[in-house]
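Here is a short report to read alongside the model. Take a moment with the picture, then follow along section by section.

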Amino acid sequence: IALPAAWALAGVFSTTPAGWSIVAYLGVVTTGVAYLLFSSALQRISGATGVALALAEPVTAFALAVAVVGEQPSAGAFAGLALVLLGLAVVIWTEVKAKPF
């Protein structure tokens, strides 16, 4: 499903060795290894911790987009960030409440 959209937005794929290197790096290293590590970690942590980590991912992406790329988020983006942080707070609060120290 993504290939037609990629072709429409970016044009025909460059079949040069540099193009294949980029595809291999993005597909194997940045995505494949990250999800392999994440899925192996999910076997050793609680469900709430897994949800907290999954909710932290878009917050990190938001922060990096603003700090590194210089994006100017809209009010809707900040509202979405607030909702994700609220969900993260609920998960953490529930986990702390369930496990007394």
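## The opening helix

How many of the nine residues of helix α1 (residues 2–10) are buried? The number is zero, so helix α1 lies largely in the open. Please keep in mind as you look that this is a predicted model.

## Overall fold and shape

The protein has four helices and zero strands, and the pattern along the sequence reads α-α-α-α.

The radius of gyration of the protein is 18 Å, whereas a compact globule of 101 residues would have one near 13 Å.

## Burial and contacts

Of the 101 residues in the protein, 9% are buried. The exposed surface comes to about 7,800 Å², with 77% of it supplied by carbon and sulfur atoms.

What share of the contacts with a separation of 6 or more comes from residues 24 or more positions apart? Such residues account for 43% of those contacts in the protein.

## A nonpolar patch on the surface

Now have a look at the surface, where I22, Y25, L26, V28, V29, V33 and L37 form a nonpolar patch. Together these residues have about 660 Å² of accessible area.

I22, one of the patch residues, has its place in helix α2 (residues 17–42). Is I22 buried or exposed? With a relative accessible area of 52%, I22 is exposed, because the cut-off for that class is over 50%.

## The aromatic pair

The structure holds one aromatic pair. F62 and F78 form this pair, and its geometry is edge-to-face, with 5.3 Å from centre to centre and 75° between the planes. F62 lies in helix α3 (residues 47–69) and F78 in helix α4 (residues 75–98), so the pair ties together parts that are 16 residues apart in sequence.

F62 is buried, with a relative accessible area of 19%; the cut-off for buried is under 20%. F78, with a relative accessible area of 43%, is partly exposed.

Definitions and conventions
Residues are numbered from 1 along each chain as its sequence is written. This is a predicted model: local features need pLDDT of at least 70, side-chain atom pairs count only at pLDDT 80 or more; totals for chains, interfaces and linings use all residues. Side-chain values use heavy atoms; hydrogens and water are left out. Patches are made of residues with over 30% relative accessible area and no salt bridge: like charges are joined within 9 Å, nonpolar side chains (Val, Leu, Ile, Met, Phe, Trp, Tyr) within 5 Å. Accessible areas come from the Shrake-Rupley method with a 1.4 Å probe; for residues, only the protein chains shown count as cover. A salt bridge is a side-chain nitrogen of Lys or Arg within 4 Å of a carboxyl oxygen of Asp or Glu. Helices (H or I, at least four residues) and strands (E, at least two) are DSSP runs, numbered from the N terminus. Buried means under 20% relative accessible area, exposed over 50%, partly exposed in between (1.4 Å probe, protein chains only). The radius of gyration is taken over C-alpha atoms; the globule rule is 2.2 Å times the number of residues to the power 0.38. Contact means heavy atoms within 4.5 Å. Rings of Phe, Tyr and Trp (its six-membered ring) pair if their centres lie within 6.5 Å; planes under 30 degrees apart count as stacked, over 60 as edge-to-face and the rest as tilted.
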